[in-house]
Structure formats: C-alpha cells, structure tokens
Amino acid sequence: FPSHDIFTQFCTFGGAHSNHIWASAALGQIMGFRMKAFIRGDELNPFSSPTLRFATQAGMELVFLSRADYRHKKVEPDTLGESWHIVPEGGSGPLAWEGFQGLVNEVESIFQPDAYVGAMGTGGSLIGLAKYTSVKVIGVPALKGIDWNPVLQNAGAYVDIWDGFHEGGYAKKSKELMDWMQGFQQSHGFALDSIYTAKAFRALEWQVKNNFFPPHSRVVFIHSGGLTGDYTG
C-alpha cells in the first residue's frame, strides 16, 4: 500500500467469500484506514457470509452491486474524492505480483522445483509466480466461465490452467468435496478451504494419479490460505 501519510482511505472489490475482502478489512481495522468495498451480488447483505460479516464488524463499508453492474464496474477516483486509493479486485496488480519474488527466491534457494500449482481467483498469484520463476506455473480456477487470456498474456512465461475443477462455480461445493477435505485433514494434519485450496489440491491429486507429471517430479503447491471461507465462529 502507498504511504499512510498520503492515503488513509482505500476502495476495493470482491465477492462474498473473497480472501482479499477479509484481508483488506483486517488491515483497515489494524491501521485505522477507512475501507470501502464494492461487493458482487445485490441480493447479499453484510451478514450473508462469514467474510462479509467479519468485514462489517471490522468497520468496512460495503456497497452491493448487481452481478451485471459488477461485471462492468468502473469506479473513477473523481467519484470518490482525491483521498481514496483504489485497490484492484483480489488485490491483483503489479505491486502484488512483486510480492512473489520473495516466495520464489525462498523456495528455489532450497531446491529447484519442476512446477508450482495453486488456486486461482483473479489470477494475480499465477502472474506473480510466473514472473519470477523459469519453471511451469499451473493455476486451478475457483470460478467457471472466465476468459483467462488476459492473465496468460500478463504472465510472460510458460503457464498452464487446469479448468473444470470448480465444482460448478465459485463457492459451490459438493458433499464429495467436503468429505475429501475431511479425509485430507485427517491424513495430513492441516486444513484446506472449500472455496479455493481444496479444489486446487484435489486437481493436483487427480493429475498426479493420471501421470501428468513425470516420475520423481518436484511440485510446489501454494497454500494461499482462505480458511476464513469456512469460518463458522
């Protein structure tokens, strides 16, 4: 984020289960920033999901847009006032991409992977990884029906997208997926979330079983958090 001395008000965008909305609300509460978020879905309210409930409790102002209006959203700084800083949907953008340089450096100072795999929302993580590594980067979308060509063009490196593991759409989840998540946690001792990482890891498991990677490949899975999507407290 820009200097606290310049900006104290931030405007951003997201859906009802957005990790970025949760993180932005938490940051605003900690730093004393004023936060505004335009939320996809005019049928929603501040308590429609754990994410929106937390954002409301943290003091974030929520503005609900119809899904059609959200798709064509365009918020100009002049409509908000000069003191607002607009953060892209999902926090994705050049400043966010730079954050992956440290992650790639840390991993590749220990060993050289053959590929990275992670969940995709806006595609910012995929772009960030691809810009700082020379190995294959694979994204697993949590949404359906998205044209990922702009993301692929920004990546600037060899990337792959495994579509079709979204369980029918964003935040959709089957009993089979939930049962698989429970079994995963019991077997491995840590949790995945039903919105993003469980779908991505299940896709990785499926591809490994179907010999997508050569034997002895070293694959780094990016656990991007998101456990708040299943938060019930």
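At what angle do helix α6 and helix α7 pack, and how far apart are their axes?

## Basis of the model

This is a predicted model, in which local features need pLDDT of at least 70 and side-chain atom pairs count only at pLDDT 80 or more, while totals for chains, interfaces and linings use all residues. Residues are numbered from 1 along each chain as its sequence is written, and side-chain values use heavy atoms, with hydrogens and water left out.

## Packing of α6 and α7

Helix α6 (residues 100-108) packs against helix α7 (residues 124-132) at an angle of about 55°, with the axes 8 Å apart. Contact, meaning heavy atoms within 4.5 Å, is made by Phe 100, Gln 101, Leu 103 and Val 104 of α6 and by Gly 124, Ser 125, Gly 128, Leu 129 and Tyr 132 of α7.

## The two largest pockets

The largest pocket has a volume of about 1400 Å³; a pocket is an open set of points on a 1 Å grid where a 1.4 Å probe fits, with protein on both sides within 12 Å along at least five of seven lines, and lining residues have an atom within 4 Å of a point. Of its 48 lining residues, the closest to the centre are Glu 89, Gly 90, Gly 91, Gly 121 and Thr 122.

The second largest pocket holds about 340 Å³ of space, and its lining consists of Phe 13, Arg 40, Arg 67, Tyr 70, Arg 71, Lys 73, Ile 86, Pro 88 and Glu 89.

Definitions and conventions:
Axes are lines fitted to C-alpha atoms, for helices over the stretch in contact, and angles run from 0 to 180 degrees between N-to-C directions. Helices (H or I, at least four residues) and strands (E, at least two) are DSSP runs, numbered from the N terminus. Grid points are joined across faces, edges and corners, and a volume is the space filled by probe spheres set on the points.
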